[in-house]
Amino acid sequence: MERVRSAFNRMIKSERYSRFTLQPSEDGERHVEVKLSDDATEAEDQAGGSPSFRPALPRQSRATICYLALGILLIFSIGYLLGYLSHRDTQLQQENCATNPEMEIQKAEVEAEAEAEAAAAAAAVPDAQMNWKQVTELLTQKLTSQAFDKSLSDFDRPRRSAGSDEDKSLANGIYDVFKKEEMDPWIDIHYVQLQTPDSKHPNRVNDSSVDFKPTGYLAYSAPGTAEGKLVYGNYGRLEDLDVLQEKRVELKDSVLLLRAGKISFAEQVDNGAKKGASAVLIYPDPQDYNYNLDTALNGHVHLGSGDPYTPGFPSFNHTQFPPTKSSGLPDIPAQTITANMASALLKTIGGPESDASSSFKGSLTSVGYKLGGSKNITVQVNNVLVNKEIHNVFGVIKGFIDPDQYVVLGAQRDAWGKGYAKATVGTSILTELAKAVREMVEKDGFRPRRSLVFASWSAGEYGSVGATEWLEGYMSSIYKHVVTYISLDGLLMGRGSFMASASPLLYSLLEKTMKAVNSPTGTGTVYDMVGTANVLKPMSMDDPAYPFLALSGIPSISFHFINLNEEAYSYYGTDLDNKGNLDYKTNHHTSEMAALAAQFAGQMALRLVHDHVLYPSLDVSRYSGVITKAVVQVYKRINKLSKTGQLKEVNPKWLSRARGSFQRAASSITTDLANTDISDKEACRILNDRIMMVEHTLLSPYVSPIETPFRHLLLGRGNHTLASIAETNDMEHFRTQLALATWNLQGCANAMVGNIWDIDEEI
């Protein structure tokens, strides 16, 4: 019947219409254009072109009108007849169904099939997610030690230096894995300057009795020759160098001999340079490094991250940028030597004895660890800069609701020598995790709300060069999209203990994951194995996750399974970083430990892409204690300076108010979450955006990323941090930095509130 009516309407419809649209004119202004049907346009032309003129309908003959009326009557009669017959057939079918059991069964089967189809369709909808227990069980099933046996073997290489053919071959292999898994892989290419030894002119350390040509080196050392009195300075920490000054050992123009450990090579060299040293030598003492005394040690001394010759901007094409260099490059030569070389120097160093209470004495035999200051030595560094093309490789598993928000998991691919624990393990965990999650999505119905990005970085040994260049390349927008960065570097250093470094936002997620993942020792969970005491360590500048946190304002975490009473993996940076030594450290459970570490990283990542709201996985309240502790130190400093008369007319109440604003803004997020329907996608997105603003808005907007790349107010490095303000002696600097830090913290609180009309004096 409906078809008949439609045909009838089309037949009798003859009224013309006009359509008004805005069309741009040549001068850019918009005007109204009147579009008529063809016959109306023709009539318009006849009427003189007026757009409002509509000609009268032409007269119809009486015969035409009669025929039209008969046609209408005939159509209505046919339509009525068809409608009656159709209605009667439907009634008969219903009566037959009511009395026929077979028809009832068929009807039930059809309805059941329809319900099954509806259920399948609902399962395909992102909101119909599997519960968290199902997610973790699936992940554990797919990450097996057998899979890691093969993966670790596939990615093991005798050499893998950044930018080399071996490095690029590995990159291509990872790209192929991502492509096979249909993860839309892509490659991010950078042109960077790396520093290597000059094969024709080796570095040298010599005095009147010895002449060494060490094979290890420190990348980004200042080249040149330096001479001075040899001085032993323990680990080169500021407190160590203060001991030398107390002993009246002259540091100016000295060659400082230090043992590796406690702080990074870059910090050791920077501390020595600040005290006036002309050069720095670093060796591995047997007390800290239990291996052959002739083992060469490699590292870098850039007090920063990324390519130090393109600070603050990416090395996409190095020919575009003016020559410049990072403020973190040292201006004195630095060189590693072996333990045997250090022993020979320390035996004849002379000078006063170190106190037993100072912890200056290591484990070299027949060495008194005197402080020196009486014997001249010469250090010659001939390292050269080389331009290298490096490849970062990415793959993505896209989310189903908020695909533009993503968790990034990354692993360094390059290393000096074999780099088994440094690079092979992380790369294997990266690819196995990617394959496991991809299979969960394709075969098991897992529907992550947000995306997962898997990244393989190059030139990590030179200070997270590949990762930092990527961050610098997309700095202006990346913080809006990256929920968290999870570092997969150095996950395996042993078996009996556990430690981690993280943004305070991730403390709750870390603790929750520790309680969910089984202990590698076979009883209880990781949390049962270590509890919370001494698990969290401050994130150091040489941590691969640090640039994400302190440079880009992205919540970041790195974690490590390690042996009891150890703080680091002693084979990093040497040729001893191989499968045999890692197997020894894990008691020959390397594959099982790799699977366990992958489960730990995977559970954190999947929790962040699974839940509707990022809180409490990103727990804004955990920053309150960190901020309060930092503010209290500034308070104490203000009170002390005020009492001595050094500081006048400075009131700490404004900083206290900013701290209070942060705490109230954090509370407002939890309150709003309690009053939000989490099935409302838009409401969840608004809350998540507010949470994601926290870390980024703690970056100081008042310092240059070239001079001070690690801009984080609490966890960064520089005069802008609250820790630095609490120690400064420059009163003018104190006033300025205190004002800027106060508004930095207040700005973070304002950003957490969300809408500008919700900000009031209470915030």
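What you're looking at is a predicted model. The chain holds 23 helices and 18 strands, and buried residues account for 51% of its 763 residues. Among contacts between residues at least 6 apart in sequence, 77% join residues at least 24 apart.

Start with H11 (residues 420-443) and H18 (residues 590-610), whose axes come within 9 Å and cross at roughly 55°. From H11, the contact uses Tyr420, Ile429, Leu433, Val437 and Met440, while H18 brings Thr590, Ala594, Ala597, Ala598, Ala601, Gly602 and Leu606. Sorted by type, the residues of this contact are ten nonpolar, two polar and no charged. As for the spacing you'll see along these helices, an α-helix has 3.6 residues a turn, so residues three or four places apart point the same way.

H11 has another partner, H7 (residues 165-180), and here the axes are 10 Å apart at an angle of about 10°. That is under the 35 degrees cut-off, so H7 counts as roughly parallel to H11. Ile174, Val177 and Phe178 of H7 meet Thr427, Leu430, Thr431, Ala434 and Lys435 of H11. This contact divides into five nonpolar, two polar and one charged.

Now for the nonpolar cores. The largest has 162 residues, and Ile429, Leu452, Phe454, Phe498, Phe561, Phe600 and Leu606 have the most contacts inside it. Which helix gives the most to this core? That's H18, with 13 residues. Zoom in on Phe561 and, leaving aside residues up to four places away in sequence, you'll find it touching a set that includes Leu491, Phe498, Pro520, Val526, Met593, Ala597 and Phe600. Apart from this core lies another, of 25 residues, with Leu303, Val453, Ile478 and Leu549 among them.

Next, find H12 (residues 465-473). Eight of its nine residues are buried, so this helix is largely enclosed by the rest of the structure. The buried ones include Trp470 and Leu471, but also Glu469 and Glu472. Packed against the buried residues of H12 are strands S3 (186-196), S13 (384-397) and S15 (450-457), along with helices H13 (475-478) and H16 (546-551).

Most residues other than glycine have a negative phi, and most peptide bonds are trans. Against that background, the bond from Tyr615 to Pro616 is cis, with omega near 10°. Pro616 sits in the loop between H18 and H19 (622-643) and, at 35% relative accessibility, counts as partly exposed. Beyond residues up to four places away in sequence, Pro616 touches Ser508 and Lys512.

Buried or exposed, where does Asn234 fall? Asn234 is buried, with a relative accessible area of 0%, in the loop between S7 (224-232) and H8 (238-246). Asp184, in the loop between H7 and S3, is partly exposed at 46% relative accessibility.

Note on methods:
Residues numbered from 1 in each chain as written. Predicted model: local features only at pLDDT ≥ 70, side-chain atom pairs only at ≥ 80, totals over all residues. Heavy atoms only, no water. Axes fitted to C-alpha atoms, helices over the stretch in contact; angles between N-to-C directions. Helix = DSSP H or I, 4+ residues; strand = E, 2+ residues; numbered from the N terminus. Contact = heavy atoms within 4.5 Å. Nonpolar A, V, L, I, M, F, W, Y, C, P; charged D, E, K, R; others polar. Core = buried A, V, L, I, M, F, W, Y, C linked by side-chain atoms within 4.5 Å. Buried < 20%, exposed > 50% of the residue type's maximum accessible area, 1.4 Å probe, protein only. Parallel < 35°, antiparallel > 145°, perpendicular 65-115°, else oblique.
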